[in-house]
Amino acid sequence: MKYVLLLSFLFQIGIAQEENSIPVEDVFEVAAVDYPPSFPGGVDNFYTFFENNFKKPDVPQLLGKLFVSFIVEIDGTLSNIKTIKDVGFGSGLEAERVMQLSPKWNVGRKNGKRVRVMYTIPIPIQTK
């Protein structure tokens, strides 16, 4: 009988916790969260990080903008990194490689809780 009561109590605690938390499977758009994720030190630091790690294609006078999407996980790591607009010449794959090198981001929050957030960032590309 003690075990039945204990299991019942633990089950009720689990239900109460589920009602007070946001499921980890949910992925939010940036506009749907209270605090969006951010690169450590801000967007300027992101572009510096990217520029320092991105190997530009050997194509003269290439000018364009990449768009890379990813999920900022609740621990700040990036997942589901995908190029959604490419300028060609392997730049999309290279951008994905660089994003995999990214340090952990500051996580997004909704209702005071860490949440997974889908993020898309434009990245200008220019060669000489």
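This is a predicted model: local features need pLDDT of at least 70, side-chain atom pairs count only at pLDDT 80 or more; totals for chains, interfaces and linings use all residues.
Helices (H or I, at least four residues) and strands (E, at least two) are DSSP runs, numbered from the N terminus. Residues are numbered from 1 along each chain as its sequence is written, and side-chain values use heavy atoms, leaving out hydrogens and water.

**Helix pair**
- Helix H2 (residues 43–53) and helix H3 (residues 91–100) have axes that come within 10 Å and cross at roughly 120 degrees.
- On the H2 side, the contact (heavy atoms within 4.5 Å) is made by Phe-46, Phe-49, Phe-50 and Asn-53.
- H3 answers with Glu-94, Ala-95, Arg-97, Val-98 and Met-99.

**Largest pocket**
- About 160 Å³ of space lies in the largest pocket, a pocket being an open set of points on a 1 Å grid, where a 1.4 Å probe fits, with protein on both sides within 12 Å along at least five of seven lines.
- Its lining (residues with an atom within 4 Å of a point) includes Tyr-47, Phe-50, Glu-51 and Lys-56.
- H2, strand E2 (63–72) and strand E5 (113–126) each supply at least two lining residues.
- E5 gives the most, with four residues.

Notes
Axes are lines fitted to C-alpha atoms, for helices over the stretch in contact, and angles run from 0 to 180 degrees between N-to-C directions. Grid points are joined across faces, edges and corners, and a volume is the space filled by probe spheres set on the points.
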